[in-house]
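Dear colleague,

Please find below the structure that I am handing over to you. A summary of the findings follows it.

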Amino acid sequence: MTKRKSSKYKLDRRMGENIWGRPKSPVNKREYGPGQHGQRRKSKATDYGIQLRAKQKLKGYYGDVTEKQFKKNYFEASRMKGDTGQNLIGLLERRLDAVVYRAKFTPTIFSARQLVSHGHVYVNGVKCNIASRLVKAGDVVTLGKKAQEMALVLEAQSLPERDIPDYIAPDGTAKITYTRVPTLDEVPYPVKMEPNLVVEFYSR
């Protein structure tokens, strides 16, 4: 499991966007970048810079997965039939921590990864502590009894800031079925994601 050592909201400041759509984001008050030079006028970005930014934003959104893991997902997506960008989004949305987050079992993708790594999540009745595990259509994901009473789980379920998407079918508050792999348009990103630029970045 990877651990983000710096404040996760620094990513919001760096991107100038509230990428998780959270009310706590500092971008809601300060749209300029971090640091003493954050308010300076930004220079025009190069094509490489635009592609790198798109990659960092998408990678950061899923809990700042490691570059090695993210690149592995890209190469796997490129070997699949169809559009590589759509395939990449599909693989990222199949990650167990992403599914737990989409099911509103936790308030953030970071807490979703922690919940999985601590053994509180079951896939088809079997405990799984691997956050990067890919869930398949028809898989049933449930929370352990101990997790159902956790404050962060109860908090997440009452959050008004996001809804459970159509490709996640809830059965009560502690059980969901992953019905299908979504397309880019179906994923409820709070900001615009551009996987086509990520594909351009890696195919240079």
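Predicted model: local features only at pLDDT ≥ 70, side-chain atom pairs only at ≥ 80, totals over all residues.

Five strands form an open sheet with antiparallel pairing, in the order β2-β1-β3-β5-β4. Its edges are β2 (126-127) and β4 (168-170), each of which pairs on one side only. Strand β1 (residues 121-123) runs antiparallel to β2, and two bridges join them.

Turning to the helices, α3 (residues 67-79) and α9 (residues 195-202) have axes that come within 11 Å and cross at roughly 100 degrees. An angle of 65 to 115 degrees counts as roughly perpendicular, and α3 and α9 are therefore roughly perpendicular to each other. On the α3 side, the contact involves E67, F70, K71 and Y74, which meet V198, V199 and Y202 of α9. By class, the residues of this contact comprise five nonpolar and two charged, with no polar ones.

The largest nonpolar core has 46 residues. Which of its members touch the most others? They are L58, Y62, L96, V100 and V141. For L96, neighbours within four places in sequence were left aside, and the contacts are then V116, V121, V123, C128, I130, A131, R133, V135 and V141.

Yours sincerely

Methods:
Residues numbered from 1 in each chain as written. Heavy atoms only, no water. Pairing = 2+ DSSP bridges. Helix = DSSP H or I, 4+ residues; strand = E, 2+ residues; numbered from the N terminus. Axes fitted to C-alpha atoms, helices over the stretch in contact; angles between N-to-C directions. Parallel < 35°, antiparallel > 145°, perpendicular 65-115°, else oblique. Contact = heavy atoms within 4.5 Å. Nonpolar A, V, L, I, M, F, W, Y, C, P; charged D, E, K, R; others polar. Core = buried A, V, L, I, M, F, W, Y, C linked by side-chain atoms within 4.5 Å. Buried < 20%, exposed > 50% of the residue type's maximum accessible area, 1.4 Å probe, protein only.
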